[in-house]
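Please find below some notes for a reader who is new to this structure. They are set out as numbered points, to be read alongside the sequence and the model.

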Amino acid sequence: MHEITEHLVKNFEGQLPHLPGSDLNWVEAMRRSGLELFNDVGLPNTKMEEWKYTRLRTLEDTRFQPVNEGNGAAKVDQLPTLFTGQKEIPRIVFVNGCLRTDLSDLDNLPDGVLVHSLSGSLAYDPVWVRSYLGRIGQMDSRPLFALNTAMMNSGAIVRVRKGVIVKSPIEMIFVAGLTNVPVAYYPRNLIVLEENSQATLINIHDGLGVGPYFANSVTEVDVGNNANLRHYRVQTENLEATHIGSMHVRVANEANYETFSMSAGGRLSRTEAFVRLEGEGAHCRVNGAYFMKGREHCDNTTVIEHVVPHTKCREVFKGVLDDEACGVFQGKIIVHKDAQKADGHQLSRALLLSDKAEMDAKPELEIYADDVKCSHGATSGQIDESALFYLRSRGIPDALARNMLIRSFMAEAFEEITDEKVRDAMANLFMHRLPAQCFLSEEWTRDKLSNE
Amino acid sequence: MGAITNTVAQVREMTEEKYKYGFVTHIETETAPKGLNEDIIRFISAKKSEPGWLLDWRLKAYRYWLNMSEPRWQKPQFPEIDYQDAYYYSAPKSMSDKPKSLDEVDPELLKTYEKLGIPLHEQEVLAGVAVDAVFDSVSVATTFKAKLEEVGVIFCPISEAVQRCPDLVKKYLGSVVPYTDNKHATLNSAVFTDGSFVYVPKGIRCPMELSTYFRINAENTGQFERTLIIADEDSYVSYLEGCTAPMRDENQLHAAVVELITLDNAEIKYSTVQNWYPGDKNGRGGIYNFVTKRGACRGRNSKISWTQVETGSAITWKYPSCILQGDNSVGEFFSIAITNNAQQADTGTKMIHLGQNTKSKIISKGISAGRADQTYRGLVRMGPKAAGARNYTQCDSLLIGDTCGAHTVPYIESKNKKALVEHEATTSKISEDQLFYLRQRGIDEESAVALVVNGFCREVLQQLPMEFAVEAQKLVGISLEGSVG
């Protein structure tokens, strides 16, 4: 037992009866194995290669308590949705790790789509859940995954049956904050797309207030043969939040998996994507954008494994760093032996707006097959001075010119989102976080245009 | 077409030769007792009649080393090294009373170098190359000394430099690679036996290429050479090292340290053609090449350029690096690493940008064949004061055969918005189209591969001094021998 991690699992035995699936032996066994692993390894530290650039200082300094039902009743003024005002979008909402049926709306779900909370699903169809839960991701050497397994207390289980094509996106919303003491909560999601099905899912993690909390989320995804999943993720936690979110994905024959992670909040956040292309013809697109300011730290870590021949992946991550923010990108493409004809492409680009901002990138290729085509690129730098000069020389004020250049820089990332509605909503959300003077300059353009 | 037939002929010639440097020279050697302890270090120090401060430094390093653990982060895997099962000093016996000139050198030794194709007799020397030859633990001969001294360039074994210019050695030794740096560099600091020392005084452009040939001959010896090159203000020097070793079944450790220092407006060009014995087809034997090479661009507008052709060694594990301290200083790294059969390599560079407007360029070409495994590992760090700094990195890997591996692990850290970092990497196999094109013109497969690979490496080969570019091209051919078909 490590001293600094003790508080996170201190009352494990006492909590066990209140956690989802407490009546199922296999769930308890799973939790115990997670606890054991977490206790063995402790918190990740910067000596571990995967955590070289991210120190979990907030977890070392703050004593987080488990959430209770009272926390779940926190008042949510405005639901953080990508589709404001659209009522027909099915959504499942959790506040501080508690399901909020008053905010959720699952009435419009088409036939063949099942969306439950973790505890609901364990009660409804435990046998089916057992065949997936904890079997997609690898817990070894990932202590925070193990911690989630031990403590999982909320989350959504989504199942799309064979051949079902879901037109409307489904939102899974997690709101946290407004608690008296710092709390920790552990959503565990499971998304299963059966053969020939299609769906668009959006995970939203949002924060309320200014108090610290710890969100440790794990999402397991299984994309069946010839299925197509678009899985988007928005992280807008509050200023003091610590957010660790990992996705563990396996993609079967001729299946498609597309993900886009936007990070625009959190004191310390890390988004991990572990994708295994396990079927021939599998294809994945793992993309992301981040905008960090103040002293925020954002880490995007991805591992894409080409396990069988004829698989393809594409990865684009772009970010803007202001003030004293720190960005980290660690991308790894592994091509297993015999996974011939693998095609992998990875790009990481960062724009530094301030002298104190920092970017650390580690794009990795690990290749054991010869007939492959893999490449990666990484850049970091400031706004192109000559482009800025060009705009300024045409009478565009400095702040607006900068704003325009940031927009065009980010556009390349947002273009990777294939769902148009989501793309616009995400880009909009992002642009609203740009420095305030940009809005002033937008007013300037409006005034100027109206004068003319 | 002339060039092609030439290359084909060379490759064929080489194919038959396999590792042609694998012979052993039977020569009486004087060795220190097996194992490593403070007495051995005192023995080495006494052999070299070193001043007290150097012995103290060695002992300090040794005591520090005892508490260091083996690094574990690297990709190559190898059995634990038994540091007690090696000789730390081995010298040809006839060297005990130092020869005054080449005529006094043991003819057996001279023959060895002749076989290696390294002409020690000055009249035969390629125009403009001065050679320092290191055999096991001692330097056997340095050529062209007089001519170099005319212009004030000091080029001699480091053990001699300790006697001749102790102030310089004392000032710079360990200033780039401190004795606490890493396990192998610390070991080297404790037991280093010989190596080259170069000092180029202010305003001098060294009139010829300097060169060192290293050879490990004796059984069970480790070679720990230490090279120190100082380029004073406004000076320039080009330095080349080459290495070979006999074929032996056991692994031999080569843990060298190279330190380069450039002051204002100075430039050092350091080229390596490394062809230590790579072990046999099944990975038995071969040299462990664990080298710490680092240069410090201390002065403004100074430049350090590393070029390496790594074809030998069972394991190559090194990162020739540049610390760009002076404003406007430039660091370059050009590398070809070829691994075949069971060879492993984990190599790359570190570019640490500290000064303003510093620039660095990294071009790395890796070729992996057979069951070999190769990693490019590099660090580019832009410090908070490195405004206007710029880096461009390109690493390409070529895979030949479906049982080899090629990995790229770059670390890019930027703490300055005015610094621009660009990194690109690709991994692919030899283009079928190119091979087909060559094959349909009647070139056999192996030669075609050699040609394509030579083209792939061209950017780096061009950086080598003329005389060695030819040799390196041939090496590329031989190293890949047996990798196709």
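1. Axes are lines fitted to C-alpha atoms, for helices over the stretch in contact, and angles run from 0 to 180 degrees between N-to-C directions. Helices (H or I, at least four residues) and strands (E, at least two) are DSSP runs, numbered from the N terminus. The model is predicted, so that local features need pLDDT of at least 70 and side-chain atom pairs count only at pLDDT 80 or more, while totals for chains, interfaces and linings use all residues. Residues are numbered from 1 along each chain as its sequence is written, and chains are lettered from A and ligands numbered from 1 in the order in which they are written.

2. In chain B, the axes of helix H2 (residues 38-47) and helix H3 (residues 52-66) come within 10 Å and cross at roughly 150 degrees. H2(B) and H3(B) are therefore roughly antiparallel, a term for angles over 145 degrees.

3. Between chains, 31 residues of chain A and 31 residues of chain B take part in the contact, where two residues are in contact if their C-beta atoms, placed from the backbone, lie within 7 Å. On the side of chain B, strands S22 (390-400), S23 (405-414) and S24 (420-429) are the elements that give two or more residues.

4. Strand S21 (residues 373-381) of chain A pairs with S24(B) in the antiparallel sense over eight bridges, pairing being assigned if DSSP finds at least two bridges between two strands. Within S24(B), B:Ala425 is the bridge partner of A:His376.

Technical notes:
Parallel < 35°, antiparallel > 145°, perpendicular 65-115°, else oblique.
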